[in-house]
Amino acid sequence: MTYLIWLLRIIHIGAGIFWVGGSLIMSFFVAPSIGAIGEAGQKFTGHLMNNLKFSSRMADASGASILAGFILFWLDARAGTAWLRSDFATGLSIGAGFAIIGFVFGILIGRTTRAMAHLGAQMQGKSSSEQLAQIQTLQKRMATYSTLSTVALILAVIFMAIARYM
């Protein structure tokens with residue numbers, strides 16, 4: 001059983017580091033750079049998402065982290081209701097709630113990215129004013145989802161880090 005817990009913790013923490021780190025890098029550095037460099041940014045995004053499968057890898061990491069965390073929580077919860085009522089379990093539960101919020105917004109980011117890629121593929125030559133308006137709407141939506149996801153993930157990390165000391 002000890003080895004299972006070790007493996008689950010390694011998966012939970014390792015995948016979580018990749019997930020949260022990727023979110024922070026994308027939100028604070030990559031996305032603003034893409035917006036600043038125009039057409040080259042669109043090509044970069046296409047390569048990042050299509051060739052390097054960044055969205056898929058983020059989805060895999062987030063799913064693995066959540067699943068391993070759920071199993072770890074379930075294994076601890078078998079200790080009884082006293083553990084479930086503990087401040088530690090409460091802190092972990094709050095952190096898990098924020099992680100799920102971050103996960104949901106991550107799904108919305110992926111959908112918005114796909115919509116932008118589809119719109120970009122439809123464009124031939126110069127964009128129409130309607131296409132530009134659609135792109136701007138999608139970019140604003142993406143920025144909102146990205147901010148909300150990143151904040152939720154930061155709060156998830158904080159609560160999971162301090163849960164033992166609550």
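Among contacts in the protein between residues at least 6 apart in sequence, what share joins residues at least 24 apart? The figure comes to 75%, where a contact means heavy atoms within 4.5 Å. The model behind this is predicted, with local features needing pLDDT of at least 70 and side-chain atom pairs pLDDT 80 or more, while totals for chains, interfaces and linings use all residues. Numbering starts from 1 along each chain as its sequence is written, and side-chain values use heavy atoms, leaving out hydrogens and water.

As for the overall build, the protein has six helices and zero strands, these being DSSP runs numbered from the N terminus (H or I, at least four residues, for helices; E, at least two, for strands). Its C-alpha trace spans about 65 × 25 × 20 Å along the principal axes. Of the 166 residues, 30% are buried, that is, under 20% relative accessible area with a 1.4 Å probe, protein chains only.

Ser65 sits in helix α3 and counts as buried, at a relative accessible area of 4%. Leaving aside residues up to four places away in sequence, Ser65 touches His12, Ala15, Gly16 and Trp19.

His12 turns up again at the second largest pocket, where it is among the residues nearest the centre, along with Gly69, Leu72, Leu92 and Met160. A pocket here is an open set of points on a 1 Å grid over the protein atoms alone, where a 1.4 Å probe fits, with protein on both sides within 12 Å along at least five of seven lines; lining residues have an atom within 4 Å of a point. Helix α1 gives the largest share of this pocket's lining, nine residues.

Definitions and conventions: Buried means under 20% relative accessible area, exposed over 50%, partly exposed in between (1.4 Å probe, protein chains only).
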